[in-house]
Amino acid sequence: MATKETNNDSAAQKTRNTKVGVVVSNKMQKTVVVAVENLVKHGMYQKYIKRTNKFLAHNEQMDINVGDRVVIEETRPMSKRKRWNVREVVEKAS
């Protein structure tokens with residue numbers, strides 16, 4: 001029966017949504033603000049526009065600084081606005 005639980009857990013891990021963004025604030029305890037940029041095509045002019053969304057992400061170790069590029073993944077709601085978790089640091093700020 002334990003194998004079924006681990007299979008369900010691994011299946012849930014695969015379906016979680018992930019995003020790559022840059023940390024813009026780390027002033028909160030165990031929380032960072034991550035700005036994610038994406039390109040959206042304008043309906044009339046057919047040009048691509050940069051759109052930025054900010055997400056609050058949980059960071060247990062508190063070792064991430066502003067400017068770091070991180071991967072965040074969806075998780076259960078941890079507070080009113082915090083629904084993401086920092087999975088890994090892709091690139092440290094120089």
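A residue is buried when its relative accessible area is under 20%, exposed when over 50%, and partly exposed in between (1.4 Å probe, protein chains only). By that rule Glu-73 is buried, at 7% relative accessibility. This is a predicted model, where local features need pLDDT of at least 70, side-chain atom pairs count only at pLDDT 80 or more, and totals for chains, interfaces and linings use all residues. Residues are numbered from 1 along each chain as its sequence is written, and side-chain values use heavy atoms, leaving out hydrogens and water.

Start with charge. Side chains of opposite charge can pair when their charged atoms come close. A salt bridge here is a side-chain nitrogen of Lys or Arg within 4 Å of a carboxyl oxygen of Asp or Glu. The whole structure holds 4 salt bridges.

Glu-73 pairs with Arg-87, with the closest N and O atoms 2.9 Å apart. Arg-87 sits in strand 5 and Glu-73 in strand 4, so the bridge ties together parts 14 residues apart in sequence. Strands are DSSP runs (E, at least two residues), numbered from the N terminus. Arg-87 is partly exposed, at 44%. Arg-16 joins Glu-73 and Arg-87 in a network of salt bridges.

Next, Asp-68 bridges to Lys-92, at 3.6 Å between the closest N and O atoms. Asp-68 lies in the loop between strand 3 and strand 4, and Lys-92 in the segment after strand 5 (82–91). Asp-68 is buried at 2%, whereas Lys-92 is partly exposed at 48%.

Lys-30 and Glu-60 also form a salt bridge (3.1 Å, N to O). Both residues lie in loops, so this pair ties together parts 30 residues apart in sequence.

Technical notes. Helix = DSSP H or I, 4+ residues; strand = E, 2+ residues; numbered from the N terminus.
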